[in-house]
Structures are given as C-alpha cells and as structure tokens.
Amino acid sequence: MPGVPSSRGCGACRKAKKKCDQLKPVCSRCIRLNMTCVGSGQQRYKFMAHQLDRGQAQGRSDVLPKVSKNRVVFVDRPAQLSSTETDQVAARFVGALQVTDIRYALVYYGPFFRDIPRRLGKSAVLDSAVEAISTAYPFLHTGSYSPTALARYGQSLRALRECLNDPAEARNSNTLCAVYLITICQSWLGRCDDSLTGHSEAISHLLRAAPLHEWNSRFELEMVLIMCVPMILEGIVNPRVKMDPAFWDLAASFRDRIFKLQENRPRPSTEFKHLAMFPNFVQDPDANLAEIENAYRRLRADAQVMRQRLSQVEQLAPLSFSSPAVVAHSQAQAAYTMVSTLAVLTNSLLRIFDPCNVTLVSECIFLCDELANQAELATCYRPLGSAYMPLCLTVAWAALRDEPRLTRLEAILSEYQSDFAQVPWMSRAQWLASTFDSHRVRVAAEKALPQSSGLHDTQANMALCRGRRQLPVNPESCCIL
C-alpha cells in the first residue's frame, strides 16, 4: 500500500532484484517515485518549476493553485451558488424559527410557521410580510427598533393593498398568512391603527371570501384555526368582526381533522362553537343570559381540572428556557389562565343581572387573584412566552371594584406593557369596564321603573360609571380595508 514503510532494503536494490544490506525503512511511494526515503513513513515531494505568464494572472484574484502530478497549474475558482433576494429573506426567517427559547420562539404564533419558507417566491405580499417580520424580530431582543423595520412594515402594507385589488390573490391562503404576519409586526412595532383594533377585521373579511372548502393542507388548516382566536377576542370590542355559524362549523371540522390523532383534545368550554358566542355575550347579554350561565359552569369546571394539571408541572425547576419542562409548564399555565379569564368575563356578565350574589362575587375575586398570581409567575417568559397575559389582566381589571386589587393589577400590567409599549392594554380594560357599567345601569334602570325604591341604586351605579373613563364603543375601521 502507498505510504506503508518497508524494511527490505533500498529502492534501487529492490528494482534490480538484488539483496541489499541496507535495513533502512523505505516506503513504497518513494520506491515508485525513485526518491530517497527518510524512513518512518515520512514523505518528500518534488515539484517541477513552471513559468506562469504574468499577463494571464495579473489582476486576477479568482485563480487558485492546483497540484497536478509533477507540476503546478492555476484554475478558475468554482462558480458561486446564486443567492436571490428570496433566498436571503427565507434564510433570515428560518434563522428566527430556529430559536427555541420560549421567551422569543416564533412558534408561539402558530405551528404553521414552519411551512412558510417553502411558500416564499410565489407570492409578493407573503415575501414582503416575511421580510417585515424578519427585520423586526431583533426588536424583541434589543428592545428598540430601527427605521428599516418600520420601512419594511410600511412596504408590506403597500404590497397587501395592491394584492387585495386582485380578486384571485385576495382569496389565496398566502395573502391570509401575510395579513397575520403584518398583524404581528404591528404589535411588535407599536403601529396601531387606532386605540382598539388590529387587523383582525381584515382577517375576517378574507376568511369570508376564501374558498375554505378547497383548503386541505395542514398549513391551511392550522392557519385558519390559529386566526380564529384573535377574531373572537377582537369581536368582543369590534362588532364588525363577525363570522356566520357556517364558518364556525367548518372551523370545528378543521379542528377535528387536526386533533383526530392527538390525545389532548380541546376542552368543551374552549370549542369554537362556544368561544364564538362571547362577542354576542358582551354586546347583548340580555338575549344570551341562559347561554352565559351554561358557559360559566363549564368554564369553572374546566378551570379546576386545568389547575390540577398546572400543579403537576409547576414544581419543576428547569435549567433552560428551551427545555421541554418549560414548554409544558408554559402551556399548562396559558390554558389555565385563559379559561379562568373567560370565566371572569362570564361571571361579570352574570353579576350585571344579580349584583348581590355573594357566591358570584367571591368566585370573581378568587379567579382574579389567581390571574394576578399567574401573571407574576409568568413574567420570566416575557415577551412572547407570556404575551397572552395582558389580555387576562385587562379582563380582571374590568371585573373588579376593589381598589387594592386594582392597584396590584395595574402594577403587573405596566410591567407587561413595557414589552410592547404602544399596545393600549389599559384603554381596552377601561373600555370593557365601561361596557359592563353601561349594561349594569341599563338593567338597574329597567328594574327600577316599576319600583321607585330602586332609583337610589340606579343613581349609585350611574355615579360609578362617571368615575370610569368612557371610550368609544365602535372603533375605527382597519387601515387595510
């Protein structure tokens, strides 16, 4: 074998088939090249001189030496792989997706994000939205954003408006995904259209126009399910965000297809057919009183079960924010607090019609204290791992009248507010509180009409409402539409 030392004489004797008294080790490579061997497997190479035309190589930095058997030649550098703008955008987005730290993991916004890179290059509006979110992503780490991030966000909005002028593109799933990404950028950069709404109105409009019955990929199914949640939440404060019952039946079928092979199926209280009723609960509680009572019972029962699950994982002491233990605790905490928040909301609506119900009052205080405790514990997961907490705190604030508890909630909410400074969480809390007060005054006035003795209670409720900041019930339209 080449390079393996031999101790049977020198190379000349071996070629002449003569005996040799030299026992110095030689290697077969030296024998083949007729070179003197220094032994011990070491090799020495001999290069032949080669004259290179100076004019050929002058000014060329792309030539590299190549060793041919007995001489040195120069060849061109291999051609580089092409790197298009789409490739660069995809690379930045994939880099962001690879972050597993729960505080900054983009998977918080939906598992379908993993399929976005392969859809780039086919939709100008999706490419623009991905570039905007990739440029803004470092803001989560640094706490400050550059003018470039704002410029990319503005470009994505312009691309979206142009896309919506094409009916075919407006019905495409890539366009819907782009709106969702732009909504995320809006919350990061603090570019709010007004004090109450985001772009969920545009999402609901596109969903009504989309051919949902033709969508079958997991990407499309997961995207629709994820977008149902912000639509329901914004529908509470924006009456224009409303979907018909047929859509929620279709969304339920999507959910069954996603969860059919999973053991952790949604709880009854969090099924879409129940969640979709909450905007109607808040806007017209009188007509939905029986449904509100049923929803509250389901939510209280589910909250107790989820609290037990949370207790099983909250004793763990994880070593990393990327560990499975952290993910399990964060998910259990989010499930418990969101269900508790919906329970507080329905509890507040029930107390409008029965303000002296001691049981409802005590249960509301208990749930709000639980939300405050969990919000304090979840601060370690900020900004993304606990981004849902401000919503929970706003509902709790709107439901309470106890000044010490309100002060505590305001202090916790101000800490979360620092993550996304321009998102008006306190304004939303005040709007919801004023909505509760308006219903309370109206119901008290209706009860007081046949009984003059109820006039005092009505005046007291009106005085309470005057102490709250009144906000417009009907927000302005989304800037996209």
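Me: How many helices and strands are there in the protein?
Reply: This is a predicted model, in which local features need pLDDT of at least 70 and side-chain atom pairs count only at pLDDT 80 or more, while totals for chains, interfaces and linings use all residues. Residues are numbered from 1 along each chain as its sequence is written, and side-chain values use heavy atoms, with hydrogens and water left out. Helices (H or I, at least four residues) and strands (E, at least two) are DSSP runs, numbered from the N terminus. The protein has 21 helices and four strands.

Me: What percentage of the residues of the protein count as buried?
Reply: Buried means under 20% relative accessible area, exposed over 50%, and partly exposed in between (1.4 Å probe, protein chains only). Of the 481 residues, the share that counts as buried is 46%.

Me: How are α9 and α11 oriented to each other: roughly parallel, roughly antiparallel, roughly perpendicular or oblique?
Reply: Axes are lines fitted to C-alpha atoms, for helices over the stretch in contact, and angles run from 0 to 180 degrees between N-to-C directions. Helix α9 (residues 173-189) packs against helix α11 (residues 218-235) at an angle of about 40°, with the axes 11 Å apart. Angles under 35 degrees count as roughly parallel, over 145 as roughly antiparallel, 65 to 115 as roughly perpendicular and the rest as oblique. The two helices, α9 and α11, are therefore oblique.

Me: Which residues in α11 do S173, L176, C177 and Y180 in α9 meet?
Reply: Contact means heavy atoms within 4.5 Å. On the α9 side the residues are S173, L176, C177 and Y180, and their partners in α11 are F219, E220, M223, I226 and M227.

Me: Which residue's side chain is joined to that of Q374 by a polar contact?
Reply: Q374 lies in helix α17 (residues 358-377) and, at 2% relative accessibility, counts as buried. Not counting residues up to four places away in sequence, Q374 touches R307, L310, Q333, Y336, T337 and M389. A polar contact is a pair of N or O atoms within 3.5 Å; within protein, one must be able to donate a hydrogen and the other to accept it, and residues adjacent in sequence count only if both atoms are side-chain atoms. At 2.9 Å, the side-chain partner of Q374 is Q333.

Me: How far apart in space are A372 and L409, C-alpha to C-alpha?
Reply: A372 is also found in helix α17, and its relative accessibility of 2% makes A372 buried. Leaving aside neighbours within four places in sequence, A372 is in contact with R408, L409 and I412. A372 and L409 are 37 residues apart in sequence, and their C-alpha to C-alpha distance is 6.5 Å.
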